[in-house]
Amino acid sequence: MADVNLEVAGRQVGDALAGRAARPIVRSFSDELTHTATHVVHDPATMKGAVIDSVLDFDAAAGRTATTSADTLIAYVRAAGIAIEWLLETHAHADHLSAAPYIQERCGGRLAIGRDIITVQNVFGKIFNVGTAFARDGTEFDRLFDDGDRFAIGEIPAIALHVPGHTPADMAYVIGDVVFTGDTLFMPDYGTARADFPGGDARELYRSIRRLLSLPDETRLFLCHDYKAPGRDAYAWETNVAAQRHGNVHAHEGISEEAFYAMRVARDATLPMPKLILPAVQVNMRAGHLPEPEANGTRYLKLPLNGL
Ligand SMILES: [Fe+2]
């Protein structure tokens, strides 16, 4: 693995990734309903691992949750003998509910997201009028990562990177020679994530992408979503830095921030809100916990009218 010249707050952090030669094992699970890829990463030397961006099944029409996807993932973790140390969220997703608390109860591990989730909690706490019982200080999570925070998966060094743009709180997780990009990049033939949610910023997204693509060419990238680009019939969620730098239709090398910004703003203006944004953000801003039951024992989700 070549030297890593990644900069955090003006300092080179390549030394944090001295163990990049270590190749964690990644197993991915695809949820076709929400086009989400959930990843389980582990260190084969210690069999310690992490779950990234899990999915709680949700039938919006019926208001019914289910754990079929999470149970499949848990069965894999148990059969492989992986001890879960972390449940990592790349951001507060708008397209699916997180199953992190359900998986945490069964497999252990600490639930983490980026510190700017507090911004998202404040914005959406107001939209959902959740009142003072909802602290909006990130305490629903076990750890809030700042840019450049170091951690480990077993003996494999890892670093959390703040990559805002899609939302203000987006994180990417570098673990050995792998990066879990969250919603910054999609497959090269599909491009990039939208940047028009509250607190989103297409210019910041461009800079976050450039930062990720400053990693060595052979760095493996695992994405959070795939929508199958026109002409491609199979889902895909693994690519690498070289493929993105040379081939990403929105953000390949040579595309300027100005051109990216103009493209992203024009395209975002044509996109409808994700079908599950209101249920998903309501749950995910609470770290995947459902709202407390009312006096009759039933939990309710709100639909703010004309709130978005
Ligand atoms: Fe997202």
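Predicted model: local features only at pLDDT ≥ 70, side-chain atom pairs only at ≥ 80, totals over all residues.

Trainee: Why is the arrangement of α1 and α2 called roughly parallel?

Mentor: The axes of α1 (residues 68-80) and α2 (residues 100-107) cross at roughly 30° and come within 10 Å. Angles under 35 degrees count as roughly parallel, and therefore α1 is roughly parallel to α2. The crossing of α1 with α2 is right-handed.

Trainee: How do you know that α1 and α2 are in contact, and which residues meet?

Mentor: Contact requires heavy atoms within 4.5 Å. On the α1 side, A70, D71, L73, I74, V77 and R78 meet Y102, I103, R106 and C107 of α2. By class, this contact comprises seven nonpolar, no polar and three charged residues.

Trainee: What makes a residue part of the lining of the largest pocket, and which residues are the closest to its centre?

Mentor: A lining residue has an atom within 4 Å of a point of the pocket. The largest pocket has a volume of about 750 Å³. Its lining has 32 residues, and H35, D95, Y227, P274 and K275 are the closest to the centre. β6 (57-59) and α6 (257-268) each contribute at least two lining residues. The lining of the largest pocket holds 17 nonpolar, seven polar and eight charged residues.

Trainee: What is the volume of the second largest pocket, and what lines it?

Mentor: The volume of the second largest pocket is about 420 Å³. Its lining has 16 residues, with V130, R286, L290, P291 and E292 the closest to the centre. Eight of the lining residues are nonpolar, three polar and five charged.

Technical notes. Residues numbered from 1 in each chain as written. Heavy atoms only, no water. 1 Å grid on protein atoms, 1.4 Å probe; cavity = no way out; pocket = protein on both sides within 12 Å on 5 of 7 lines; lining within 4 Å. Points joined across faces, edges and corners; volume = space filled by probe spheres on them. Helix = DSSP H or I, 4+ residues; strand = E, 2+ residues; numbered from the N terminus. Nonpolar A, V, L, I, M, F, W, Y, C, P; charged D, E, K, R; others polar. Axes fitted to C-alpha atoms, helices over the stretch in contact; angles between N-to-C directions. Parallel < 35°, antiparallel > 145°, perpendicular 65-115°, else oblique. Left-handed = near helix turned anticlockwise from the far one by under 90°.
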